[in-house]
Amino acid sequence: GESFQRPTDVAWDAQGNIYVADGYGNARVAKYEPDGRYIKSWGSRGSENGQFNIVHGIAIDAQGNVYVGDDGNKRIQVFDTDGTYKRTITNVGTPTALCITPGQRQVLYVAHTGDPDGMEDAAIYKLDLNGTVLGKFGTAGKLVKQFGMVNSIDCRSENDLLVAELSNWRVQKLTLKAAK
């Protein structure tokens with residue numbers, strides 16, 4: 001395949017295939033076999049279904065659906081593992097990082113960074129896999145439980161998150177509790 005131009009994220013499917021969000025230059029998703037052999041890529045620059053304006057985050061659910069954070073178009077596009085477009089999720093701001101929890105009841109966490117530095121408008125959304133917002137938390141800032149340009153989320157369980165921030169130069173460990 002083409003050479004990478006500032007890739008932003010990587011994900012693996014159940015078969016071990018590798019999916020690379022090649023976001024800034026190529027505006028595509030590249031798929032590789034577990035041994036690194038190129039399989040295919042999909043996407044181009046634009047705003048139609050299957051097109052991207054900065055591919056920033058990528059995650060894969062247990063059914064093999066590939067969720068792609070289309071940062072510049074303020075949406076998440078969902079594909080099958082062959083790159084066939086399935087649907088779009090909106091109303092989650094600017095999706096800069098994605099994470100899908102393991103287990104039977106999977107949820108999708110989406111980091112929203114609304115301004116270029118992530119210091120005026122930031123939050124993390126919790127969604128079901130159909131795109132229904134289950135919750136939203138956080139604000140922009142430098143304090144604990146505030147976010148500055150979230151670039152990565154790790155969600156080992158539905159309530160435990162590791163959130164990496166570029167502008168704050170840190171990783172926060174968050175344990176979510178049910179609202180009272």
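Two strands count as paired if DSSP finds at least two bridges between them. Strands are DSSP runs of E with at least two residues, numbered from the N terminus. The legends below use both terms for a predicted model, in which local features need pLDDT of at least 70, side-chain atom pairs count only at pLDDT 80 or more, and totals for chains, interfaces and linings use all residues. Residues are numbered from 1 along each chain as its sequence is written, and side-chain values use heavy atoms, with hydrogens and water left out.

**View 1. The β11-β12 hairpin and its turn.** Here, β11 (residues 122-127) meets β12 (residues 133-137) in an antiparallel pairing of four bridges. Look for Ile124, which has Phe137 of β12 opposite it. Five residues lie between the two strands of this hairpin. In the turn, Gly131 has a positive phi of about 100°.

**View 2. An open sheet of four strands.** The strand order is β1-β2-β3-β4, with antiparallel pairing. β1 (9-12) and β4 (38-42) are the edge strands, each pairing on one side only. From one strand to the next, the twist averages 20°; axes for such angles are lines fitted to C-alpha atoms, and the angles run from 0 to 180 degrees between N-to-C directions. Strands of a sheet pair through backbone hydrogen bonds, either parallel or antiparallel.

**View 3. Inside that sheet, β2 beside β3.** Five bridges hold the antiparallel partners β2 (residues 18-22) and β3 (residues 28-32) together. A handy landmark is Ala21, which faces Val29 in β3.

**View 4. Two loop residues with positive phi.** Asn91 sits in the loop between β8 (85-89) and β9 (95-100). Its phi is near 65°, a positive value in a residue other than glycine. Asn91 counts as exposed because its relative accessibility is 64% (exposed means over 50% relative accessible area, buried under 20% and partly exposed in between, with a 1.4 Å probe and protein chains only). Lys145, in the loop between β13 (139-140) and β14 (146-147), is also not a glycine and has a positive phi, near 70°. With a relative accessible area of 61%, Lys145 is exposed.

View 5. Ring pairs join Tyr19, Trp42, Phe52, Phe79 and Tyr85 into a cluster. Seven aromatic pairs turn up in a search of the whole structure (rings of Phe, Tyr and Trp, the last by its six-membered ring, pair if their centres lie within 6.5 Å). Arg6 lies over the face of Tyr24, 4.2 Å from the ring centre; a charge sits over a ring if NZ of Lys or CZ of Arg is within 6 Å of the ring centre and within 35 degrees of the ring normal.

Note on methods
Phe/Tyr/Trp six-rings, centres within 6.5 Å; stacked < 30°, edge-to-face > 60°.
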